[in-house]
Structure formats: structure tokens, C-alpha cells
Amino acid sequence: MTALLEVSALNKHFGGLHAVKNLSFSVEPGEIVGVLGPNGAGKTTLYNLLTGFIAPDPGASIAFEGRSLLGLAPHRIAGLGISRTFQLCRPFIGMTVLENVIVGALGSKRGRGADLDARAQALLGRVGLAGKAQVPVEVLSYGDQRRLEIARALAAKPALLLLDEPFAGLGSGEIADLSALIRQVHVDEGLTVILIEHKLREFMRLVGRVIALDFGEVIAQGSPEDIVRHPAVIEAYIGRGDAGDPEARHVA
Ligand SMILES: Nc1ncnc2c1ncn2[C@@H]1O[C@H](COP(=O)(O)OP(=O)(O)OP(=O)(O)O)[C@@H](O)[C@H]1O
Ligand SMILES: [Mg+2]
């Protein structure tokens with residue numbers, strides 16, 4: 001079986017900083033893969049590389065469904081079926097909640113179609129925002145904005161969804177709801193997911209496999225159970241005074 005995503009020899013320097021170091025991994029269709037690592041480990045940079053927001057150093061290969069993504073602009077990559085959410089929400093200000101989802105759909109050929117309005121409305125229902133479709137996006141609470149991010153990403157009908165800390169800033173009830181939603185779209189739509197998250201409890205329940213990064217490098221890979229016990233992961237989170245967040249330290 002061809003991997004859905006195949007990455008090899010991925011490197012990124014920002015001046016003297018080697019933010020992503022020789023990463024190679026693949027993701028099979030239908031997986032939920034977790035990417036774990038302390039602040040500054042290179043997780044968001046990895047997403048920026050996969051989605052064409054920044055270009056990797058020479059020598060890398062990134063293939064999605066067997067096709068190289070190198071040199072493609074972000075909208076082309078989205079059009080091929082990779083959607084992402086952002087660590088900081090980026091709604092389109094001045095539009096309603098529904099319009100934000102429609103714009104998400106229009107961003108990709110796969111998302112366009114005659115039933116756009118109805119589909120956008122249905123997606124809002126799915127993420128618990130049905131009643132807020134006509135509300136200006138500015139008035140949404142932070143938790144609702146995070147939900148909208150997911151509806152917007154799903155509107156493009158991705159085959160691969162990249163989530164960047166979707167639980168950040170949410171309370172435990174909201175995290176449980178969002179987690180259930182991710183699991184549900186994963187099952188219903190056969191969506192493959194890569195999840196970056198510091199909230200370890202929900203993260204570990206959701207993902208089937210973890211890639212742990214530190215200083216841009218893979219320090220461990222394996223099942224969630226193995227990863228939380230892995231000496232290099234414990235070291236990365238608790239061995240340094242400045243790394244990770246308190247919950248991560250607590251769980252590790
Ligand atoms: N555009 C950029 N220019 C220069 N340096 C950058 C740029 N983007 C990221 N970096 C640096 O690269 C390193 C990795 O950053 P990245 O945002 O990928 O970390 P992260 O693992 O997502 O961290 P966090 O958990 O805090 O979100 C950091 O040292 C960061 O300061
Ligand atoms: Mg980040």
C-alpha cells in the first residue's frame with residue numbers, strides 16, 4: 001500500500017537555527033498520528049513545510065498520494081486534499097460564521113459544489129455552531145473559534161487534516177467535545193489526521209502512534225503508551241526547566 005504521506009530528508013534552517021533536522025516519516029491512510037514535543041521543537045514548522053507555507057532546504061522529498069508537493073503553493077496543496085488548522089485562530093473578520101466555512105470550502109476544488117451552503121451549514125451543526133451561522137465571526141468565544149477552525153478545514157473535504165494544538169486554551173469539557181468530534185470525523189469520513197498537542201491526556205487517547213520531536217529531530221516513535229515512558233521524551237519535557245507545559249510535565 002502506498003503511504004498517504006511520505007516525507008524524507010526534511011530539513012529547515014532559519015539562519016543559523018536548524019529548526020527541522022532530517023525528518024523522515026510516513027503516514028498511512030486512516031491513521032491518527034500524534035506529533036509531540038516541547039515548545040520550539042519544530043512542530044508548527046513541520047506543518048508549514050507540509051502545506052507549502054515555507055520551502056524546505058534542498059534535498060527533501062514530500063509526497064502526498066505518491067505525488068511530490070515540493071514547490072507547490074499552499075492553495076495547490078490544499079486543493080490536493082491537505083487542510084490545516086492554525087495554532088492561533090485566523091477567522092476571516094467581517095464575515096459571518098457561515099461565510100467563514102464557505103470560504104474554507106472555496107479554498108479547494110474538492111470543497112466546491114452546488115450544495116455549498118447546505119454543506120457549510122451541516123458542518124456547523126457537526127461542530128456545535130449551527131445556531132451561530134449568521135453571527136459575525138468576531139463575537140465568537142475562543143472555544144467556538146476553535147470549533148469554527150475545524151469546520152472551515154473540513155469544508156475543503158481534505159483527505160489529510162493537520163491540527164495544530166486544537167485544545168489550546170479550552171476547558172476540559174470543551175476538550176472532550178472537540179476530541180469526540182475529531183474521532184467522529186476520522187471514522188465517518190475516513191479522514192487521516194496528524195495532531196500536534198501539548199494536552200497529553202486527550203492526545204494519548206486519540207492517537208494511534210506518536211512521533212516525538214525535540215530540537216527539530218525525532219527523539220522517539222511508537223505507541224502512546226511507550227512514548228510517555230520513553231526516557232528521551234521524559235527528558236525533553238521534564239529534564240529542562242523551560243520545556244513543555246505543566247500538564248505535560250505532570251503526565252510524563
Ligand atoms: N519563520 C521563522 N523564522 C525564524 N525562526 C522561526 C520561524 N518559524 C519558527 N522559527 C523557530 O523555529 C523553532 C521551531 O519553531 P516552531 O514554531 O516550529 O515550534 P513548535 O514546536 O511549534 O513550538 P510550540 O509548541 O511553542 O508551538 C523555534 O525556535 C522558532 O523560534
Ligand atoms: Mg507550534
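Over how many bridges do β1 and β2 pair, and in which sense? The two strands pair in the antiparallel sense over seven bridges. Two strands count as paired if DSSP finds at least two bridges between them; strands (E, at least two residues) and helices (H or I, at least four) are DSSP runs, numbered from the N terminus.

The model is a predicted one, in which local features need pLDDT of at least 70 and side-chain atom pairs count only at pLDDT 80 or more, while totals for chains, interfaces and linings use all residues. Residues are numbered from 1 along each chain as its sequence is written, and chains are lettered from A and ligands numbered from 1 in the order in which they are written.

**The sheet and its turns**

β1 and β2 form a hairpin with two residues between them. In the turn, G15 has a positive phi of about 60°. H13 has H18 in β2 as its bridge partner. These strands belong to an open sheet of four, in the order β2-β1-β4-β5, with antiparallel pairing. Its edge strands, β2 and β5 (67–68), each pair on one side only. Strands of a sheet pair through backbone hydrogen bonds, either parallel or antiparallel.

The loop between β4 and β5 holds E65, which has a positive phi of about 50° although it is not a glycine.

Another hairpin is made by β9 and β10, with two residues between them. Strand β9 (residues 209–214) and strand β10 (residues 217–222) are antiparallel and share five bridges. V210 is placed opposite G222 in β10. In the turn, F215 has a positive phi of about 50°.

A60 lies in the loop between α1 and β4. Burial is judged from C-beta atoms placed from the backbone: a residue is buried if 20 or more others lie within 10 Å of its own, exposed if 12 or fewer, and partly exposed in between. A60 is buried because 21 other C-beta atoms lie within 10 Å. Contact requires that the C-beta atoms of two residues, placed from the backbone, lie within 7 Å. Leaving aside neighbours within four places in sequence, A60 is in contact with A9, L10 and N11. A9 lies in strand β1 (residues 5–14) and, although not a glycine, has a positive phi of about 50°. The C-alpha atoms of A60 and L200, 140 residues apart along the chain, are separated by 30 Å.

| Residue | Other C-beta atoms within 10 Å | Class |
|---|---|---|
| A60 | 21 | buried |
| A9 | 14 | partly exposed |
| E65 | 16 | partly exposed |

**The shell around ligand 1**

Ligand 1 is surrounded by F14, L17, A19, G37, N39, G40, A41, G42, K43, T44, T45 and Q87. A residue is near the ligand if its C-beta atom, placed from the backbone, lies within 6 Å of it. β2 (17–27) and α1 (43–50) each supply at least two residues of this shell, and the largest share, three residues, comes from α1. By class, the shell has four nonpolar, seven polar and one charged residues. Here Ala, Val, Leu, Ile, Met, Phe, Trp, Tyr, Cys and Pro count as nonpolar, Asp, Glu, Lys and Arg as charged, and the others, Gly among them, as polar.

**Domains and the nonpolar core**

The chain is divided into domain 1 (5–81 + 158–251) and domain 2 (96–155), with bounds from an automatic or database domain assignment. Their centres, taken over C-alpha atoms, are separated by 24 Å. Across the boundary, 14 residues of domain 1 are in contact with 13 residues of domain 2. On the domain 1 side, α2 (74–80) and α6 (172–189) each give two or more residues, and the largest share, five residues, comes from α6. The residues of that side divide into eight nonpolar, four polar and two charged.

A nonpolar core is a set of buried Ala, Val, Leu, Ile, Met, Phe, Trp, Tyr and Cys residues joined through C-beta atoms within 7 Å. The largest such core has 70 residues, of which V101, L124, A151 and L195 touch the most other members. Helix α5 (residues 142–155) provides the largest share of this core, six residues. Each of domain 1 and domain 2 contributes at least three residues to this core. Not counting residues up to four places away in sequence, L195 touches I32, G34, V35, L163, F203, L206 and V207.
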